[in-house]
Amino acid sequence: MEMRAIKFTLNGKPCEAVVKPWRTLLEMLREDLYLTGPKEGCGEGECGSCTVIMGGKTVNSCLVLAVEADNQEILTIEGLSDGEHLHPIQAAFVNKSGMQCGFCTPGMIMSAKVLLEKTPRPSEAEIKEGIAGNFCRCTGYTKIIESIQAASETGKGGK
Amino acid sequence: MVTFYRRLPRFDYVKPESLSEALGLLKGNKNGGIRVYAGGTDVIPRLKARLLPAPEVLMDLKGLTELNYVEYDKKQGLRIGALAAISSVESHGAVQARFAVLSQGSHSIASTQVRNRGTVVGNICSAVPSADAVPALLCLGATLLCVSPRGERIIDIEDFFAGPRKTILADDELLKEIRIPDMPKGGRGAYIKLSTRSRMELALVGVGAVVAVTDGVFRDVRIGLGAVAPTPMRASRAEEVLRGEKVGEQVIAEAGRLAAAASLPIDDHRASAEYRRLMVEVLVKRAIGQALKA
């Protein structure tokens, strides 16, 4: 079972890796590339805490094989801020207290980003639909929805 | 003691770049030596949980880009290629405009993340009784174009399922395309999914209905049921009682009763058989009502 050499764009930078066929994208990101923003919750595509953006769409990185990242563009939570300067969605989550334990937050923000790219001014129902695949066991979602609404009001949430 | 595995078992990986290459590799495939997958939203977690035996080779079909399409024209109807993601089917203009029962069924599956990766063909091939796209496809009279190194065959979706998680697809065979005839004139449909929460949930009961009405008379009615039998099923007797009848509450109620009587639900941790059967009756009435108003 040979190792596979893959090339992809990770958070805007070219990246190369050699991976085992049975390695998931999440394992590669966290354990080989030390990007520990995406989290492993359930490992079976239910909880959404491993959500990253691949080819402009949100995916559960626990269900994607690392080899499938070949030639793809991948964005994780680590790629959102500009140095110390937070992305508008991150800033809104801080300002509106959109997190408690924080485990779901990286995935939640990636889903919010794609939502705001497609729907810059979402209704509450559209926000709920947009984060339906991201579970939070702390907040009851109210503060998360308020955070995404606040990010949408900056007009830069999808940037 | 239950062992939880977090990691995938070891396997080799192959990604053919054309259908002919894939079929060449599948020649002589037996006992799951090669397992094919497209989105991986079902196969990957089942491999992790050791619910599937580890294959020698996992074959990624995503290189077969020629099978990534959703096409509609009046003559041919709707065609969905094996690689069309659930999200691309549910958001397709013609699917939304003409086959609402299918866009609603597809949209009710899991989450955006899963629908971005998973395919409608995969939803069929997984053959779970609760597959949300299937009641719609039953209502729409879908046929399935399957290919193997031995040739092609077209299978009616009603004949495709052999039981929970079982289909009649051979180990060397692929489901290449879903074919859906154009909606009959005036045909309208709706899908209703009963679940304890509105997203990220399997259907306790899924009901799809397609109706065509002329001058207040049911010209055609098709009802598909999910999660209430070992396989998704048509409620044929309920359909028959409506065909040719005037649209009316009593006859629709009778159809609900017949559909419930035909269903074969099980008791499990998600719902009792009794509750599911009662809900078939309610939801068949409701789905026909929604289809009539669509």
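1. Let's start with what sits over the buried residues of α2(A): the cover includes α3 and α5 (142-153) of chain A. Helices here are DSSP runs of H or I with at least four residues, strands are runs of E with at least two, and both are numbered from the N terminus. The residues of helix α2 (residues 88-95) of chain A that are buried are A:P88, A:I89, A:Q90, A:A92 and A:F93. "Buried" has a cut-off: 20 or more other C-beta atoms lie within 10 Å of the residue's own, while 12 or fewer makes a residue exposed and anything in between partly exposed, with C-beta atoms placed from the backbone. Just after α2(A), have a look at A:S97, which takes a positive phi of about 55 degrees.

2. A word on what you're looking at. This is a predicted model, where local features need pLDDT of at least 70 and side-chain atom pairs count only at pLDDT 80 or more, while totals for chains, interfaces and linings use all residues. Residues are numbered from 1 along each chain as its sequence is written, and chains are lettered from A, with ligands numbered from 1, in the order in which they are written.

3. Now the sheet in chain A. Five strands form an open sheet with mixed pairing, in the order β2-β1-β5-β3-β4. Its edge strands, β2 (13-19) and β4 of chain A, each pair on one side only. Neighbouring strands are turned by 40 degrees against each other on average, direction ignored. Such angles use lines fitted to C-alpha atoms (for helices, over the stretch in contact) and run from 0 to 180 degrees between N-to-C directions. Helix α3 (residues 105-118) of chain A packs on this sheet, where it touches β3 and β4 of chain A, and its direction makes about 35 degrees with that of β3(A).

4. Zoom in on one pair of that chain. Strand β1 (residues 4-10) of chain A runs parallel to strand β5 (residues 73-75) of chain A, and the two pair over two bridges. That meets the cut-off for pairing, which is at least two bridges found by DSSP. Which residue in β5(A) is the bridge partner of A:L10? The partner is A:I74.

5. Chain A is split into domain 1 (4-78) and domain 2 (88-153); bounds like these come from an automatic or database domain assignment. The centres of the two domains, taken over C-alpha atoms, are 21 Å apart. Across the boundary, 13 residues of domain 1 of chain A are in contact with 12 residues of domain 2 of chain A. Contact means that the C-beta atoms of two residues, placed from the backbone, lie within 7 Å. On the domain 1 side, β3 (51-54) and β4 (57-60) of chain A are the elements giving two or more residues, and β3(A) has the largest share with three residues. That side divides into six nonpolar, five polar and two charged residues. For these classes, Ala, Val, Leu, Ile, Met, Phe, Trp, Tyr, Cys and Pro count as nonpolar, Asp, Glu, Lys and Arg as charged, and the others, Gly among them, as polar.

6. Over to chain B, which has 11 helices and 14 strands. Its radius of gyration is 19 Å, close to the 19 Å from the globule rule for 294 residues, so chain B is as compact as a globular protein of that length. (The radius is taken over C-alpha atoms, and the rule is 2.2 Å times the number of residues to the power 0.38.) The C-alpha trace spans about 60 × 50 × 30 Å along its principal axes, and 51% of the 294 residues count as buried.

7. The domain assignment of chain B gives domain 1 (12-60), domain 2 (68-180) and domain 3 (187-293). The centres of domains 2 and 3 of chain B lie 20 Å apart, and 21 residues of domain 2 are in contact with 24 residues of domain 3. On the domain 2 side, α8(B) supplies the largest share, five residues.

8. Why is strand β11 (residues 187-194) of chain B described as largely enclosed by the rest of the structure? Because seven of its eight residues are buried. β11(B) pairs with strand β12 (residues 205-214) of chain B in the antiparallel sense over eight bridges, and B:L194 stands opposite B:V205 in β12(B).

9. Last, the contact between the chains: 22 residues from chain B and 23 residues from chain A take part. α6(B) gives the most to the chain B side, with five residues.
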